[in-house]
Amino acid sequence: MPDWTPDGGGLAWASGAACGAECEEGGFDAVYFASADGGGVPYPLLAPGRDLAEPRFRPAGSAEGNLEIAWTEADRGSRRIHRSRLERDENGRWTLASRARIVTRGAGVARGLRWSRDGTRLFSLHEAPAFPRDVWSFPVTGGRERITDTLFADIDVRSFSRPERIEVEREDGVTVGGFLYRPVPPGGAPAPLLVHVRGRAGDSWWNGFDPIVQLLTAEGYAVLAPSVRGTGGRGAAFAALNDGDWGGADLDDLVALTHAARDLPDISADRTCIFGTGYGGFLTLGALARHPDSFACGVEAMGFADPRTLNRTLDAERRAFVEGELGPVRGNLENYRRLSLNGEGAAVRAPLLTFHGEEVPEAPLAAKSDFLAELRSRADYPLVELYFRGDTGRSIFRWETDRGANYAFFQKVLEFLSVHLR
């Protein structure tokens, strides 16, 4: 959503559109400014080359010399609030008058940025690994105050796992990273590792509160949350690195991060399971088929194995997203065939727990049915399949749609892990 300057003379907004040679190195989610009268062309007000969002002008001030703006900016998995004064340059364009001040420091994710009406403080929804999303206040004079507290009173935040950042530089020079959560309290023996893959292509792991990760660490597992090439938060070039190559270099990134995590102290080197939903489910099946020696088991839910069938069976809106990443099938058929996992089921050795839904528009069963048929045809292969009736399978993405189904899902996941990782 755009935001108007206090005098109504201009507005700013965040966009992922390219802005030409002026900001070709930082045009992803740049903040643009335009005059309200339509004069001139929009120009980048902020374009540092990483995800920017929610530009908000401070209500108090004038259009001439006392304009101030706040925004959120991604940085290594966190999303922090920044603010800065603005001034006119020699061309009459607004530019930063000084170095931006970081309002929120340390780990955490800020969203929903707003100024108070008198301009004396900023408000946002803020979360971090040790506390869920709440309303926070940030006075311009410094400090912070939590306005709401949604964490259950009987939960001890000292029991939450705080992640450590790990990064790996790949052979092609691309650096990928992730968060490693260790069990709390730590056990005596090296902890089994669960690689938890995000559910949608392009989704990045943020350094916020994740109750599922905390549940798993409380059960004694170390959890690796990887952000591979193609994910958001690091600019347009990084986000495009897996376009047309789903399950290629991004899957290799995931395996490289897994091996890096297993080399760390107190992490078991031979007890690793991969767990993914949606696109993460596709990477899970790809990891078991194309890197069979790297994982002791896999859990996949509402994923797919064949992008071509996925494209054909999705509705128009979701198909447009797939084609934005892979292109239309017409003209790209050979690449769709290259990315498909069909025909690779014979290579899978690790046990698989897979979930399907009868009516889940974003995850049609047809998109992985041939791959699963290959596994079923092997009399000695330990495949476990569970079905959700109706649309209750969507609860794995949004637990509020059916809380009972969500609880049943994680109960089955924990049972499976206790058999194959303990």
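User: What joins strand 3 to strand 4, and in which sense do they run?

Analyst: In this predicted model, three bridges join strand 3, residues 30–35, to strand 4, and the two run antiparallel. One of the contacts involves Y32, whose bridge partner in strand 4 is P44.

User: What makes strand 3 and strand 4 count as paired?

Analyst: Pairing needs at least two bridges between two strands. Strand 3 and strand 4 have three bridges, so they meet the condition.

User: Why do strand 1 and strand 4 stand at the edges?

Analyst: The open sheet has four strands in the order 1-2-3-4, with antiparallel pairing. Strand 1 (3–4) and strand 4 (43–46) each have a single partner strand, so one side of each is left without a neighbour in the sheet.

User: Why is the pair of F282 and F304 called stacked?

Analyst: Ring centres must lie within 6.5 Å for a pair, and planes under 30 degrees apart count as stacked. The centres of F282 and F304 are 4.7 Å apart and their planes are at 5°, so the pair is stacked.

User: What does the pair of F282 and F304 tie together?

Analyst: F282 lies in helix 4 (residues 279–290), and F304 lies in the loop between strand 19 (297–301) and helix 5 (307–313), so the pair ties together parts that are 22 residues apart in sequence.

User: How do you know whether F282 and F304 are buried or exposed?

Analyst: Buried means under 20% relative accessible area. F282 has 1% relative accessibility and therefore counts as buried. F304, at 6%, counts as buried too.

User: What makes R198 a charge over the ring of W205?

Analyst: The limit on distance is within 6 Å of the ring centre. R198 is at 4.5 Å from the ring centre of W205 and lies over its face. R165 lies over the face of F179, at 5.1 Å from the ring centre.

User: How do you know that strand 11 and strand 12 pair, and what do they form?

Analyst: Strand 11 (residues 121–128) and strand 12 pair in the antiparallel sense over seven bridges, where at least two are needed. They form a hairpin with two residues between them. A128 has F131 as its bridge partner in strand 12.

User: What makes strand 12 mostly covered?

Analyst: Strand 12 covers residues 131–139, and seven of its nine residues are buried.

User: How many bridges join strand 12 to strand 13?

Analyst: Two bridges join strand 12 to strand 13 (residues 145–146), and the strands run antiparallel. The requirement is at least two, so they count as paired.

Note on methods. Residues numbered from 1 in each chain as written. Predicted model: local features only at pLDDT ≥ 70, side-chain atom pairs only at ≥ 80, totals over all residues. Heavy atoms only, no water. Phe/Tyr/Trp six-rings, centres within 6.5 Å; stacked < 30°, edge-to-face > 60°. Buried < 20%, exposed > 50% of the residue type's maximum accessible area, 1.4 Å probe, protein only. Lys NZ or Arg CZ within 6 Å of the ring centre and 35° of its normal.
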